[in-house]
Amino acid sequence: THLKTIRITGLMGRPHEMEVAKFLLEIGKVLKRMTMHTCRGILRTRKELYKKFLMFHQGSNTCEVEFP
């Protein structure tokens, strides 16, 4: 694949959002950065989401997951 950067905006932590983001993280063999921007009314805190994403398998060893 050629996908190196993913940016998701309006993330609320809903199960279907998490599944899509997890899938993209797992298949991104050359992924360098995945940035998630949360929105107001978020179901979980950024810290909780970040911890959850750190537990997901990553297709790329060099991918950085960010929650700015």
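Start with the largest nonpolar core, and select Ile8, Leu25, Met34, Met36, Phe53 and Phe67. Of the 15 residues in this core, these six touch the most other members. Such a core is a set of buried Ala, Val, Leu, Ile, Met, Phe, Trp, Tyr and Cys residues joined through side-chain atoms within 4.5 Å. Buried means under 20% relative accessible area, exposed means over 50%, and partly exposed lies in between (1.4 Å probe, protein chains only). Now colour by element: β1 (5–11), α1 (15–27), β2 (33–38) and α2 (46–55) each give two or more residues to the core. In soluble globular proteins, nonpolar side chains tend to be buried together.

The model is predicted: local features need pLDDT of at least 70, side-chain atom pairs count only at pLDDT 80 or more, and totals for chains, interfaces and linings use all residues. Residues are numbered from 1 along each chain as its sequence is written, and side-chain values use heavy atoms, with hydrogens and water left out.

Zoom out to the whole chain. Two helices and three strands make up its secondary structure, in the order β-α-β-α-β along the sequence. Helices (H or I, at least four residues) and strands (E, at least two) are DSSP runs, numbered from the N terminus. The C-alpha atoms fill a box of roughly 35 × 20 × 20 Å along the principal axes. Of the 68 residues, 34% count as buried. Among contacts with a separation of 6 or more, 79% join residues 24 or more positions apart; contact means heavy atoms within 4.5 Å.

Next, select Met36. Leaving aside neighbours within four places in sequence, Met36 is in contact with Ile8, Leu11, Phe53, Val65, Glu66, Phe67 and Pro68.

Move to His37, in strand β2. Is His37 buried or partly exposed? His37 counts as partly exposed, because its relative accessibility is 25%. Beyond four places in sequence, His37 touches Arg7, Ile8, Thr9, Gly10, Leu11 and Pro68.

Finish at Gln58, in the loop between α2 and β3 (64–66). Which residues does Gln58 touch, not counting those up to four places away in sequence? They are Leu25, Cys63 and Val65. Show Ile27 as well: its C-alpha atom is separated from that of Gln58 by 7.5 Å, and the two are 31 residues apart along the chain.
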